[in-house]
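Here are my notes on this model, point by point. Please read them with the structure open.

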Amino acid sequence: MCLGIPGRVIDIYERDGLLMGRVDFGGVIKEACLAYVPEIKIGEHVLIHVGFAISQIDEIEAQKTLDMLGEMEMLADELPNRQGAP
Amino acid sequence: MKFLDERRDGALARRLLDAIARTVTRRWRLMEICGGQTHSILKSGLDQLLPAQIELIHGPGCPVCVTALELVDKAVGLAARPDVIFTSYGDMLRVPGSRGDLFSVKASGGDVRIVYSPLDALKIARANPDKSVVFFGIGFETTAPANAMAVLQAKDQGVANFAMLVSHVTVPPAIAALLGAPEVRVDGLLAAGHVCAVMGYWEYALLAENYHIPVVVTGFEPVDIARGVLMCVRQLEEGRAEVENAYEQVVTRAGNRPAQAVINRVFEPCDRAWRGIGVIPHSGYRLREAFAAWDAERRFPETQAVTTQESGLCMSGLVLQGVKKPMECPAFGKECSPQSPLGATMVSSEGACAAYWHYGRQAASAPEREATR
Amino acid sequence: MSNLALNGWACPAPLQNYPTIVMGHGSGGKMMADLIAHLFAPQFHNEVLSRLGDSAIIDLPAETGSLKLAFTTDSFVISPLFFPGGDIGELAVNGTVNDLAMSGARSICLSAGFILEEGLPMETLGLIAQSMAAACRAAGVTLAAGDTKVVDHGHGDGLYINTAGLGIVPDGIAIAPQNARPGDSVIVSGTLGDHGIAILSVREGLAFESEIASDTAPLNGLVSAMLAAAPGIHCLRDATRGGLAAVLNELAAASGVGIDFNEEKVPVRPATQAACEMLGLDPFYVANEGKLVAIAPEIATETVLDAMRRHPYGRDAALIGHVVAEHPALVVNHTRIGGTRIVDLPLGELLPRIC
């Protein structure tokens, strides 16, 4: 389940009592409900599912993960080749 | 796309696969709960690249697949009414009911419309005051906040001609039921990342402890999944059974509080029938009494009289529990194919049967690949 | 009525759902292929039709100098009539010209039959006619015959257009879906998925903002340039409904070969990719209206690519894969993480998903 796509908030407004916004998915902009990320600011990133932001994307955590995976990459290079690897 | 492309990086994924191969020393069976993860695994070919000792079992994480036949029949019945505009997410259109699917209702002249968001269904209701607009509210907890908000808005804004046919299912009770079933043998769990974005992962601590099973909250791209598998396998090799988060960019332990608040306001837990599996207690949501006026089953009492008839040949329940593989079904590829599906697992883009439809045929034409596994 | 070979259908499963036509039968995928194979083809069986090319190649009698005529027909039922990057009129002209071009034919003329819904605004029709005229000029083709009918209000989405096209296949050109051979290169002329996404971007219930526009274009000029550089091209097909996946599957099946391609090599605009992600669609299945797939002998690859990239409609041409002897009739995608996955004929209508 759960096609959730990251996008950048470019506009925030209210409609019919709901916090709404426009989200840029990288060249495609669609309106989404921001009621579940009430603290969100323009320029920040959210995860959108069926037209709703269900989570803010923690950019620091995202970078930490990539850094950690990158380091693992370096470590892997130091080890000798072994069987079983694709 | 930022936050997506990096998780698809081929080199990074292959490094993780290397690390998994170095770590694993014996056979492990891992279950990924979420259909989106199944889809991603099979689409990227990740399952072919994992070491042979790791077996991935695809759990019942496809809300399309597990929506009770009875509810599909109710949907089909409502959609056929001339005074109803039936709205749904695209996924449900081709799911077979006892007597046809929503697509064939549309073909016969029913007003069936695909929507992207439940708020779009509400918009249609406002624009068509002389009709009833029914929305097929399927999904796991990921989709519940959106569906709940549509009902809440309908109430707050006085949109009386909007109703929801609710078919929500929740993950933790289903996992507990599966882990408790003797035929199901699973060593580790990859928890559904987007469900956890909403609900958090604190609920899994008890599961991990009671069943002594590692649980890793995992994302959806090949790098995310490979990382989830690595962390799970490490736990297994080290004899640990903890809950870990491999999707920190989106998931926190507590989850999304405002979303949970609205879910709790609009829905309450109920027993739910999972197609092919049976009733799992407390594994669904239904609308609270305060929202009874927007409950399609109560608005249209004729839905109570629906009689269902499941295909005798379909064993999607056993597939959903990971007990049988799609290729072990006698109807697989013969009476049942994506073009003429007997059950939902052959319809859904991430249903295990539909997914194996592709892999199985490929394996048949590449025997040398099989021999090396 | 009933010498219909209905038991040739896919299967007698209790849930074979379609005693009537549904939208999926027109989507360019497996359902349509079955409809053609089991309902139409048995009625009209003849050698020309059975090759199922984009246009029919007819050998005219010797008295005429042994001309090879290319003849095609197409219908345009798109809604909305106007969409980012084009309209139904332009689509009709380009689509027909392209069908002829895919046989290597030089387009000579078209006919257009209009089915108009009562109530269609005159201005709308005027704009579409203008657009068609401009498209004919751009493609260098004449609209030689036409017809107009009006149907009751409520039966016709405003306007349907049926076209037929005539062209001449120059000597020495033998392009057919059956001609692909192991070792051949598989080339696409540019970015995929733009047309289908442009249509979705204005579809009610799914609409979104983007700069994606339909890629509708006449490809006859591009094809001439390609054939001038490499007359030995084996196959050409424009990737319309059903997208790249449909074309590759059709060619693989017709030639009895396998096709291997590399997903990283397939050009897709970032915005188109983003829209596909958002809707849960695979760009390989999304429709195009100005892109072709060429299968050429390996030795001609660089020449063909070069000729394509010099042409305005081939700037982003790319080599995406090869024809292989293995897995005949199957199309295999080599994924960016090193796995493989079969890319099937799309089933029917492309549906957005949440899962």
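**Notes on confidence, interfaces and core**

1. Chain B has a mean pLDDT of 89, and 95% of its residues reach 70 or more. Here pLDDT is the predictor's confidence in each residue, from 0 to 100. This is a predicted model: local features need pLDDT of at least 70, side-chain atom pairs count only at pLDDT 80 or more, and totals for chains, interfaces and linings use all residues. Residues are numbered from 1 along each chain as its sequence is written, with chains lettered from A and ligands numbered from 1 in the order in which they are written.

2. Elements are DSSP runs, numbered from the N terminus: helices (H or I, at least four residues) and strands (E, at least two). Over residues 364-373 of chain B, pLDDT stays under 50. The model has five contacts beyond four places in sequence for that stretch. Residues are in contact if their C-beta atoms, placed from the backbone, lie within 7 Å.

3. Next, chains A and B. Here 45 residues of chain B are in contact with 36 residues of chain A. Elements that give two or more residues to the chain B side include H2 (35-44), H7 (118-127) and H13 of chain B. The largest share, seven residues, comes from H1(B). By class, this side of chain B has 26 nonpolar, 12 polar and seven charged residues. Ala, Val, Leu, Ile, Met, Phe, Trp, Tyr, Cys and Pro count as nonpolar, Asp, Glu, Lys and Arg as charged, and the others, Gly among them, as polar.

4. Now chains A and C. Here 15 residues of chain C are in contact with 12 residues of chain A. H8(C) gives the most to the chain C side, with six residues. That side has eight nonpolar, three polar and four charged residues.

5. Strand S3 (residues 28-33) of chain A and S9(C) pair in the antiparallel sense over two bridges; pairing requires at least two DSSP bridges. C:Ser210 in S9(C) is the bridge partner of A:Val28.

6. Which residues touch the most other members of the largest nonpolar core? Among its 263 residues, they are A:Ala53, B:Ile20, B:Ala191, C:Ala294 and C:Val304. Such a core is a set of buried Ala, Val, Leu, Ile, Met, Phe, Trp, Tyr and Cys residues joined through C-beta atoms within 7 Å. Buried means 20 or more other C-beta atoms within 10 Å of the residue's own. Helix H12 (residues 222-238) of chain B gives the most to this core, with nine residues.

Key:
Contact = placed C-beta atoms within 7 Å. Buried ≥ 20, exposed ≤ 12 C-beta atoms within 10 Å, placed from the backbone.
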